[in-house]
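Work through each task with the coordinates open before turning to its solution.

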Amino acid sequence: MKYLLGSIFLLLVLATVADQLSRRSETSDLPVLYWVTDANPAREAQILRFYDWLEENDYPRFRIHLDNSNSDASKKLIQGISGVGADLIHMARDEAWLLQATGMLEDLTPIAAKHHITPDATWPGLESAVLIGGQQVGFPPAVNAQNFYLNVDLFEEFDQPLPPEQWTIDEFEAAGKAFIAAANPPGERQQIFFVDTVNMVSLRRSMGRSMFNETMTRCTLDTPESVRAHALLYKWMHVDHIIPTHADLDFLASSDTVTSRNQLFVQRRYALLTGARYSLVQLRDYPDLHLAVRAAPHDHFPNVLLGASSVGIYKASKHKELAAYFLEFFTSEAYNMGIIQSSDATPPIPYFTTTEAYLRPPDRPNEWNLHGKLADLLTIAIPLSASPFILPTTASRIEREFRYSMLADVYTAKEAMALAEQFINRQIDLNVEADPVLRAHFKQLLKDQATIEALRAAGKPVPLELITNPFYRRYYVAQGWAVGEGGP
Amino acid sequence: MKYSPRQWRRLRSGLLFLVPNITGFMLFTLVPLVLSFVLAFTNWDVRRHNIFKTEQLEFIGFQNFERLFSHPAFWQYLGNTLFLMLGIPFAIGGSLVAALLLTGEGKKKPALRIALAIASGLLIFSLTTLLILGFEFSGIQVLIGLLFLSILTAGLIGGTTVYRTIFYAPHFTAGVATFLLWKKMYNPQTGPINNALSPILSTIENAFRFLPPASGLILGTLAILLAVLPLVLLHRKIVRARLDAEIGRGVLFGLTGASTIPLVLGWRWLDTSWQAPLLIVPALVSLGWVFFSSVRHRPFRMVPSRYGLMPFILPLCGAVSVSLISIGLSVVAIRLPGMAESGLNPPNWLADYHWAKPAIMIMAFWAAVGSNNMILYIAGLTNIPRELYDAADIDGASRLQRFWNVTWPQLAPVTFFISIMSVIHGLQGGFEMARTMTQGGPAGATTTLSYFVFIEGFETGRLGYASAVVWALFVLVMTVTLINFKFGNRYVND
């Protein structure tokens with residue numbers, strides 16, 4: 001037995017040596033920075049372009065090593081707080097708040113001006129996505145405004161008029177009902193739907209309501225607007241059948257992923273597809289597809305959801321100065337033109353959406369009617385309202401859970417929203433109770449909220465600086481209810 | 001005690017071999033275990049307590065536990081966990097049946113071979129006939145057909161060894177891979193389960209068109225009466241045990257109290273004015289008889305059963321399960337004509353709030369039948385002395401009597417061990433399934449306590465609170481295990 005165990009030990013030693021020797025060929029004399037990011041095929045090309053850009057600008061040279069295997073949010077969190085996080089951390093919309101809360105992200109405010117990565121370098125409205133707790137936590141490598149893609153040929157085939165550029169909820173519903181009636185033979189199982197899904201955030205906001213109040217101190221889901229939005233979702237799914245249910249989705253495809261939804265759109269199962277510019281990465285594989293762009297349906301306040309991931313620098317990184325050059329690269333022409341060509345997103349620097357290369361890509365004339373409209377949507381795009389008192393992932397999960405309960409007939413829309421509000425406010429109370437710093441901030445904002453409500457009750461304008469919810473900042477200005485300076 | 005140099009050398013070698021294991025256990029099990037216990041009483045939140053923050057960790061006593069027990073979601077997830085555990089008795093039964101089949105207890109090997117040969121021949125004949133008649137097979141049907149044929153052929157050639165390997169396959173297949181496979185199997189449209197169910201449901205649908213309208217009511221009424229029968233039989237057993245002074249009043253009340261579960265649930269599920277009384281009135285009469293008989297009878301001296309409470313708990317579980325299934329069938333039978341009129345569709349297994357949990361249970365049952373439990377039962381069966389069976393044969397025992405009076409009592413320690421391990425796994429489990437197949441949905445229907453720990457620990461970052469959930473779970477596991485130790489039968493009747 002001891003010979004056997006000794007042999008195994010020897011084998012392990014040899015394997016370790018072989019592993020080390022094989023790694024030596026990958027090492028470089030230059031510093032190597034790790035970038036934890038999604039498994040996007042465009043990343044390799046972006047890194048090669050980055051090396052050229054460093055050389056052209058005579059910046060210090062270093063290498064970027066892609067790490068796709070640790071892009072899961074929980075892995076970023078655990079590795080980060082354990083002191084072994086990647087130098088550059090790519091964060092999805094909801095993740096930045098959690099990672100910032102741990103203190104593991106470097107505050108970029110002092111170096112932002114030097115590297116031209118201040119929030120005003122990118123799209124207006126993104127401040128709330130990159131400025132968290134008064135600190136700049138990252139810079140967006142990509143920006144997206146959610147939109148609908150229309151399969152124009154499908155509308156023509158079923159003799160249906162194309163929807164208007166902006167449409168109301170009633171127009172959307174009427175168009176949807178007419179379309180599915182024309183597209184599906186009576187007496188057979190429905191195969192074609194009007195749209196894959198609708199964004200509940202935009203829908204609720206179009207009615208003048210957000211998940212949180214003006215100061216984001218309380219959840220406000222138990223409101224007539226939120227209940228109405230959810231009741232509409234139920235009706236569109238279960239009564240009008242213009243949106244597929246989970247059962248319908250399973251009937252059409254094996255899973256409800258972005259890829260499968262895109263595939264179903266290409267297979268003419270939907271007239272409209274919810275997406276953003278990144279959807280074109282997959283839709284471009286079907287050059288015969290005749291597309292058009294529309295905004296989400298709205299009540300009295302047209303808007304779309306602004307989504308942006310961001311890349312931050314790990315506070316314990318040994319190469320923070322070098323990492324800042326990588327963020328600066330996102331503002332460069334080389335990077336933005338790469339984004340334009342790959343269609344990975346809308347370029348993070350607005351200027352590039354006015355270029356010919358963006359508006360009329362020479363090799364894709366069939367897309368000339370799309371890109372301008374996608375950029376236009378960014379003017380009505382508002383980022384997610386993320387309360388500092390609850391993680392967005394938690395709030396979204398709770399709302400989603402009760403929404404599904406409503407769709408599964410466990411609760412009515414009213415009951416589901418009342419329970420979701422109760423659960424979210426409970427989480428807020430727990431977080432505030434546990435953190436003295438948060439508590440002080442919360443108390444101040446409660447006072448501001450009381451002031452806002454008193455002013456509104458008196459019919460007086462509200463100072464914009466009192467409002468922290470990005471939606472209400474835009475909404476109050478649009479309604480003429482606010483005074484003072486400030487963007488969304 | 002004095003060791004010789006040789007003994008010292010042997011001791012040293014032994015310890016050296018143990019060092020890696022003990023070190024690993026200390027570092028990765030014992031230390032985290034102790035730490036998690038301490039952390040359960042702290043406010044550790046990774047957002048505020050980590051290497052980048054200076055805020056001190058505070059001991060907050062039992063606050064995490066107070067919060068936990070006042071959290072409505074905790075009770076929902078505990079309910080989900082317990083609901084999924086209802087499959088454990090069936091899984092144990094399935095393992096036992098598999099073990100009995102695989103040990104070939106009481107079967108002659110040539111008979112098995114002949115049966116396999118006939119089955120293979122029938123399968124080939126059926127497939128060929130269908131092909132000749134122009135039946136078009138889909139890819140999955142061909143695959144399943146060939147799979148069955150291969151299994152039967154392998155059984156003919158390799159005998160029970162092949163089947164033991166096949167039955168044990170789920171256990172050494174990676175969990176995530178099997179979950180993904182089941183996800184495909186549950187696909188409402190393309191999955192083989194619904195493909196198999198569709199023609200059956202169509203037949204039922206057509207059958208109800210030709211049956212009189214009252215057929216659903218008749219079937220429903222019969223099913224309700226069937227639901228009462230196991231409860232009455234259970235009550236009779238309890239009364240007999242009381243009259244024989246095997247159980248005291250406490251146990252009597254406990255058992256009869258537990259037997260009212262179907263009545264409570266039946267009251268909720270049965271929605272017509274006559275169905276619920278049809279179930280509840282006879283059951284209450286039976287309960288009244290139990291109390292009347294037991295109150296009158298005061299045994300002079302208790303003579304507890306040597307098997308503990310197991311002879312009562314198992315029939316209780318069986319009676320409650322059969323009764324609940326019958327009530328469910330009754331509900332289905334009564335609604336079936338109406339449902340058949342509008343068309344019967346197979347369930348949307350994983351996406352339907354009401355079907356998601358049963359779907360997970362079915363999969364867990366499949367995995368449990370061919371698990372270590374089956375291996376343990378096989379080992380237990382091979383250890384039963386042949387003389388006991390010979391004696392039973394001489395006494396003229398039937399096959400059922402041989403099982404009930406020889407096999408089952410002899411397997412008591414194995415069953416006891418399997419029960420405890422299954423309950424522990426049941427309470428701790430569900431995370432991988434929920435994460436891979438349903439993400440805890442729909443609407444939290446498949447979120448178990450272990451998944452709740454993950455959400456609290458790694459989504460919200462409250463590791464202190466997550467540790468409290470873990471230790472609450474530990475207390476639950478410990479309590480159930482102690483109850484099992486106290487009342488379960490773990491001794492063989494020599």
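**Exercise 1. Find which elements of chain A each supply at least two residues of the lining of the largest cavity, and then describe that cavity.**

Solution. The elements that each contribute at least two lining residues are β7 (147–151), α9 (200–206) and β11 (304–313) of chain A, in what is a predicted model. The next step is to list the residues themselves: the lining comprises 13 residues, and those nearest the centre of the cavity are A:Phe148, A:Val198, A:Asn199, A:Ala296 and A:Pro297. Sorting the lining by class gives eight nonpolar and five polar residues, with no charged ones. Finally, the volume of this largest cavity is about 90 Å³, and the structure holds four cavities of 30 Å³ or more.

**Exercise 2. Determine which element gives the largest share of the lining of the second largest cavity.**

Solution. Begin with the volume, which is about 60 Å³ for the second largest cavity. Then take the elements that each supply at least two lining residues, namely α4 (95–102), α6 (127–130) and β11 of chain A. Of the lining, the largest share, three residues, comes from β11(A); the lining includes A:Ala308, A:Ser309 and A:Ser310, and among its other members are A:Met91, A:Arg93, A:Trp97 and A:Pro140. By class, this lining has nine nonpolar, two polar and one charged residues.

**Exercise 3. Decide whether α8(A) and α10(A) are roughly parallel or roughly antiparallel, and say which residues meet.**

Solution. Helix α8 (residues 169–183) and helix α10 (residues 224–239), both of chain A, pack at an angle of about 10°, and their axes are 12 Å apart. Because angles under 35 degrees count as roughly parallel, α8(A) is roughly parallel to α10(A). At the contact, α8(A) brings A:Ile169, A:Phe172, A:Glu173 and A:Lys177, which meet A:Arg228, A:Leu232, A:Lys235 and A:Trp236 of α10(A). These contact residues of α8(A) and α10(A) divide into four nonpolar and four charged, with no polar ones.

**Exercise 4. Identify the buried residues of helix α20 of chain B, and state what covers them.**

Solution. In helix α20 (residues 431–438) of chain B, the buried residues are B:Met433, B:Ala434, B:Thr436, B:Met437 and B:Thr438. Their cover includes α8 (175–185), α15 (356–369) and α21 (449–459) of chain B.

Definitions and conventions: Residues numbered from 1 in each chain as written. Chains lettered and ligands numbered in written order. Predicted model: local features only at pLDDT ≥ 70, side-chain atom pairs only at ≥ 80, totals over all residues. Heavy atoms only, no water. Axes fitted to C-alpha atoms, helices over the stretch in contact; angles between N-to-C directions. Helix = DSSP H or I, 4+ residues; strand = E, 2+ residues; numbered from the N terminus. Parallel < 35°, antiparallel > 145°, perpendicular 65-115°, else oblique. Contact = heavy atoms within 4.5 Å. Nonpolar A, V, L, I, M, F, W, Y, C, P; charged D, E, K, R; others polar. 1 Å grid on protein atoms, 1.4 Å probe; cavity = no way out; pocket = protein on both sides within 12 Å on 5 of 7 lines; lining within 4 Å. Points joined across faces, edges and corners; volume = space filled by probe spheres on them. Buried < 20%, exposed > 50% of the residue type's maximum accessible area, 1.4 Å probe, protein only.
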